Amino acid sequence: MWVTADGHIRQELLPDGRYDEARGARSSAYTGRYTVSGSHLEYVDDTGFTATGDIRDGVLFHEHLVLYKENQA
């Protein structure tokens, strides 16, 4: 589970290549699939929207978001 510092956005990267992103009280606000190549992530949500992310120094930079492992936020 990755979360923003304020805990508002929570992104779970599931082992089957799916992700589930909650925003505030809205669970499963975004869902889709992801792939990983090294420290780079490619996302395709269930509506076809695409995004990218990179993990650097244990921090996930996902487009304009900065997310931390849940126990580090």
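In the predicted model, R23 has R26 of strand β4 as its bridge partner. This bridge belongs to the antiparallel pairing of β3 with β4 (residues 26–37), which extends over 5 bridges. The two strands form a hairpin with 2 residues between them. Within that turn, G24 adopts a positive phi of about 60 degrees.

A second hairpin is formed by β4 and β5, again with 2 residues between the strands. Here the turn contains G38, whose phi is positive at about 65 degrees. The pairing of β4 with β5 is antiparallel and comprises 6 bridges, and S37 stands opposite H40 of β5.

Strands β3 (18–23) and β5 (40–45) also contribute to the largest pocket, each supplying at least two residues of its lining. The space in this pocket amounts to about 220 Å³. It is lined by 13 residues, of which E21, R23, F49, A51 and H62 are the closest to the centre. Strand β3 provides the largest share of the lining, with 3 residues.

Between H64 and T4 the C-alpha to C-alpha distance is 11 Å, although the two are 60 residues apart in sequence.

Methods: Residues are numbered from 1 along each chain as its sequence is written. This is a predicted model: local features need pLDDT of at least 70, side-chain atom pairs count only at pLDDT 80 or more; totals for chains, interfaces and linings use all residues. Side-chain values use heavy atoms; hydrogens and water are left out. On a 1 Å grid over the protein atoms alone, a cavity is a set of points where a 1.4 Å probe fits but cannot get out, and a pocket is an open set with protein on both sides within 12 Å along at least five of seven lines; lining residues have an atom within 4 Å of a point. Grid points are joined across faces, edges and corners, and a volume is the space filled by probe spheres set on the points. Helices (H or I, at least four residues) and strands (E, at least two) are DSSP runs, numbered from the N terminus. Two strands pair if DSSP finds at least two bridges between them.
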